[in-house]
Amino acid sequence: MQFHHHGYVSADPRVQDAAGTGVDRPAELPDEVDLLIVGSGPAGMLLAAQMSQFPGVTTRIIERREGRLVLGQADGIQPRSVETFQAFGFAERIIAEAYNIAYMNFWGPDPENPRNIIRTARTEDYAFKISEFPHLIVNQARVLDYFAEAAAHGPGRIVPDYGVEFVGLTVHDGAGDDVGDSAGNGADAHPVEVRLRYTAGERAGEERTIRAKYVVGSDGARSGVREAIGRRHVGAFAAHAWGVMDVLVNTDFPDWRTKCAINSTAGNILHIPREGGYLSRMYIDLGEVAADDDHRVRQTPIEEVIRRANEILHPYSIDVKQVAWHSVYEVGHRVTDKFDDVDVDQGHDPRVFLTGDACHTHSAKAGQGMNVSMQDGFNLGWKLGHVLTGLSPASLLSTYSAERQPVAQQLIDFDREWSALMARKPEEISDPQELATFYLGTAEFPSGFMTQYGPSMIVTDAAHQALAEGFPLGKRFKSVEVVRVCDGNAVHLGHHAKADGRWRVYAFADAPAAGEASVLADWAEFMASPQSPVHRFTPEGADIDAVFDVKVVYQQGFDDVDIARVPELFLPRTGPLGLIDWEKVYAAAPSAWTTTDIFDERGLSRDGVVVVVRPDQYVAAVLPLQATDELDTFFSQVFLPQHQPAAVVG
């Protein structure tokens, strides 16, 4: 990681200097805020961590609980989420404490004695086949702890306001219609009136009203924010119930520490080992639910759930020593009709947004709830940061619902199919390998890598996709090892992209070496000019890479790149001391430390190509190096001018 560029640092470099609203942050909720986040679940806490990188924005996050979550219900962490953790700076630490899924085993009835179960398949987990990151199991509470740390250690110093619950809100007429300037300043700059109630402490029961520019409802499946803006959960519960329990046991079941899908004549179990070496989670099939049950199945005692588990596991058994947590639920598949408060024909930009379970609910067995919720927050956070700091027009916020609602529907469709397969009876299974085949064959979707956003103001069309076939437009930037020229270290190019709200612009050079006449050299000259997007859309007084993190990857080996001849664009001087940033220049050719060549690995044109990546790590544009006008046109849709370009003399 990079630090010292603002002066010598001797303490923990992960704790950034407080700035803006993070300096002398008031303990009491102010009467006016720029952004109010309701709920401190995965989407809300990631959003808070992202907004802490925008310390000029007054962000508060409220939570009705009195303190941190002690026992979370979600636990599956897909590779895309671990990739996201890396951007927020805690992937290595959470990997160290998590359970790493290496295999998934499948069990079914013994043909010679159907009352007993036998192992029918062992499959390697999909994670390392499609990513450099693992597939993990770790308690949701710990995930929230890490995001809370990132939020508290960011410049904005954001910490949850515990013991405060949402009561209701009103978006006043005219919101979004000429309410102020690009940053939301004006006569009616805080058009969302929010009613709150204290749930703990000396003020318990007291109600108050605050005003906000924007509100995000991350308040769960029974979202009060969703109800307040009149959005509906569309869908229904399936007529099938499952018991779930986190347990510490002694058992003779040989795969207790391996993820398993178990199908027997007595029902089904999805078994997932947990972090720590002893704890495991079991989803136990409780069977069909009668039409007139009226949710009474939810009162099933834990003793009955354990009995069912032992019946399914026969001839094996579990001796439960402790139940850390348990619940009973009916499978539900629901998506909210829209993820913000504005209908298509209303003609103004949204002010209230929904994330996570507030806008999509489904079964837990596909391991998607927390993962998709976090990507909701990642998608929305930088957009709010850009708009609230005046970098981008408010129309950018309309892309949130447009991008995330189709993803949620894809999730519902996948989960419905997976849940149906998991709930089958043995006589309904013609191929014992079918579930294992489905698990591996659909791996890219649950891993989080199938999401692809369509063309919009922040994703170009595919006119130049052939120049970078391995970086599909609208999909997340899939990292590859390159060699850092300044020190010869092999590093993942994408791992340098932190969740700091900046755009990444990767210039993959044409054939000539550094310092020689080339298309790259001409491109770098344009990007360093006063007419370039870098200068026009970077605020006055900010570092030249404050908005655009521009990097170059040469085709040569690192020892063939003369860094002294690299264009100054890729060696910017930043921070109050004006120190050179040496870590923006890379080489693609294999070295003693890596055998990969990113040009070959990702199908990059040897004539050179520019790949633009959004702050949430999704590919926004693929362009030829010569297409500077197209690059400027694209960024002109996304950003507002921060100052006028200098006149061209000649």
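## Basis

In this predicted model, local features need pLDDT of at least 70 and side-chain atom pairs count only at pLDDT 80 or more, while totals for chains, interfaces and linings use all residues. Residues are numbered from 1 along each chain as its sequence is written, and side-chain values use heavy atoms, with hydrogens and water left out.

Helices (H or I, at least four residues) and strands (E, at least two) are DSSP runs, numbered from the N terminus.

Strand 13 covers residues 259-264. It is mostly covered, with 6 of its 6 residues buried. Buried means under 20% relative accessible area, exposed over 50%, and partly exposed in between (1.4 Å probe, protein chains only). In a regular strand the side chains alternate between the two faces of the sheet. Here, Lys259, Ala261 and Asn263 point one way from strand 13. Cys260, Ile262 and Ser264 point the other way.

Two strands pair if DSSP finds at least two bridges between them. Strand 5 (residues 103-110) runs parallel to strand 13, joined by 4 bridges. Phe106 stands opposite Ala261 of strand 13. Strand 14 (residues 267-273) pairs with strand 13 in the antiparallel sense, over 5 bridges. Cys260 has His271 of strand 14 as its bridge partner. Strands 13 and 14 form a hairpin, with 2 residues between them.

## Helix 2

Helix 2 spans residues 79-88. This helix is mostly covered: 10 of its 10 residues are buried. Gly89 follows the helix, and its phi is positive, near 90°.

An open sheet of 7 strands has the order 20-19-25-22-21-26-27, with mixed pairing. Its edge strands are strand 20 (490-492) and strand 27 (619-623), and each pairs on one side only. From one strand to the next, the twist averages 30°. Axes are lines fitted to C-alpha atoms, for helices over the stretch in contact, and angles run from 0 to 180 degrees between N-to-C directions.

Within the sheet, strand 22 (residues 548-554) pairs with strand 25 (residues 585-587) in the parallel sense, over 3 bridges. Val553 has Tyr586 of strand 25 as its bridge partner. Helix 14 (residues 628-638) packs on the sheet. This helix touches strand 21 (503-508), strand 22, strand 26 (609-613) and strand 27. Contact means heavy atoms within 4.5 Å. The direction of helix 14 makes about 175° with that of strand 21.
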